[in-house]
Amino acid sequence: MNIRKAQEKDIKTMEKICIETAPPALQKDERTREITLQTYHKFYTRASLENCFVAVDEQDEAVGYILCAPDYETYLAEFRQTELRKIFRLHPLKGIYAYGESLTQKLYAKAFPAHLHIDILEPYHRMGLGTALMEALKAHLKEQHCKGIFLSVGKANTGAVAFYQSQNFKILKTIGGAHLMGCSL
């Protein structure tokens with residue numbers, strides 16, 4: 001296994017990973033899958049691919065990724081203009097939810113301007129790929145003088161919460177069923 005910067009050639013495989021690792025409710029039909037991709041994937045590979053990394057197998061095929069928007073204000077403005085409009089056209093109520101989710105970082109954006117999304121295919125779990133992807137991203141963000149990273153994770157996802165805590169993320173606040181977490185760099 002190897003970690004490298006994501007490339008254009010990885011995008012379709014990364015989209016498949018996004019859908020395959022999503023909860024069943026987010027992959028149930030074509031429209032829902034497109035909303036999932038617009039919400040959690042398309043912005044990063046469209047506007048921020050240089051800040052994304054993939055874990056690849058021996059054939060250089062992506063088996064996991066970490067996506068990142070290094071600046072919240074830029075992300076929010078661009079996401080609202082492009083992906084959010086598409087989500088609203090597909091399903092207005094999902095658009096309201098996606099917009100609300102995009103605002104969760106606003107309170108913490110000064111201390112934690114970057115945010116991430118990470119997915120690894122199930123057969124490649126517990127191989128250290130999450131840690132390696134996180135280390136690659138943190139080193140990249142430090143080079144850009146980024147102060148911190150933010151993420152949101154379901155509080156019932158105890159394995160993910162424990163992983164993020166092992167990566168020095170702290171719970172900043174819990175809203176509904178989600179922990180808002182931050183890591184200083």
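# Exercises on a predicted model

In this predicted model, the hairpin of β2 and β3 has five residues between its strands, and D60 there takes a positive phi near 65 degrees.

## Exercise 1: D10 and K9

Task: Decide for D10 and for K9 whether the residue is buried or exposed, and list what each one touches.

Solution. 

Step 1. Locate the residues. D10 is in the loop between β1 and α1, and the place of K9 is in the loop between β1 and α1 as well.

Step 2. Compare the accessibility of D10 with the cut-off. Buried means under 20% relative accessible area. D10 has 3% relative accessibility, so D10 counts as buried.

Step 3. Do this for K9. Exposed means over 50%. K9 has 53% relative accessibility and therefore counts as exposed.

Step 4. List the contacts of D10. With neighbours within four places in sequence left aside, D10 is in contact with R4, K5 and V54. The side chain of D10 also reaches the backbone nitrogen of Q7 at 2.8 Å. As for F53, its C-alpha atom is separated from that of D10 by 9.9 Å, and the two residues are 43 residues apart along the chain.

Step 5. List the contacts of K9. Not counting residues up to four places away in sequence, K9 touches R4 and D60. The side chains of K9 and D60 make a polar contact at 2.7 Å; D60 is the residue with positive phi in the hairpin of β2 and β3. L93, by contrast, is 33 Å from K9, C-alpha to C-alpha, and 84 residues apart from K9 in sequence.

## Exercise 2: helix α2

Task: Name the buried residues of α2, the helices that cover them and the residue that caps the N-terminal end.

Solution. 

Step 1. Helix α2 spans residues 30-40, and T32, I35, T36, L37, Q38 and T39 are buried in this helix.

Step 2. The cover over these buried residues includes α1 (11-21), α3 (42-47), α4 (72-81), α5 (83-90) and α6 (92-103).

Step 3. The N-terminal cap is D29, with a side-chain oxygen 3.2 Å from the backbone nitrogen of R31.

## Exercise 3: the packing of α4

Task: Classify the orientation of α4 to α6 and of α4 to α5, and sort the residues of each contact by class.

Solution. 

Step 1. Two packed helices are described by the angle between their axes and the distance between the axes.

Step 2. For α4 and α6, the angle is about 170 degrees and the axes are 11 Å apart. Angles over 145 degrees count as roughly antiparallel, so α4 is roughly antiparallel to α6.

Step 3. In this contact, Y72, Y75, L76, F79 and R80 of α4 meet A98, Y99, S102 and L103 of α6. By class, the contact has seven nonpolar, one polar and one charged residues.

Step 4. For α4 and α5, the angle is about 40 degrees and the axes are 3 Å apart. The two helices are therefore oblique to each other.

Step 5. E78, F79, R80 and Q81 of α4 make this contact with E83, L84, R85 and I87 of α5. The residues divide into three nonpolar, one polar and four charged.

Conventions: Residues are numbered from 1 along each chain as its sequence is written. This is a predicted model: local features need pLDDT of at least 70, side-chain atom pairs count only at pLDDT 80 or more; totals for chains, interfaces and linings use all residues. Side-chain values use heavy atoms; hydrogens and water are left out. Buried means under 20% relative accessible area, exposed over 50%, partly exposed in between (1.4 Å probe, protein chains only). Helices (H or I, at least four residues) and strands (E, at least two) are DSSP runs, numbered from the N terminus. Contact means heavy atoms within 4.5 Å. A polar contact is a pair of N or O atoms within 3.5 Å; within protein, one must be able to donate a hydrogen and the other to accept it, and residues adjacent in sequence count only if both atoms are side-chain atoms. Two strands pair if DSSP finds at least two bridges between them. Axes are lines fitted to C-alpha atoms, for helices over the stretch in contact, and angles run from 0 to 180 degrees between N-to-C directions. Angles under 35 degrees count as roughly parallel, over 145 as roughly antiparallel, 65 to 115 as roughly perpendicular and the rest as oblique. Ala, Val, Leu, Ile, Met, Phe, Trp, Tyr, Cys and Pro count as nonpolar, Asp, Glu, Lys and Arg as charged, and the others, Gly among them, as polar.
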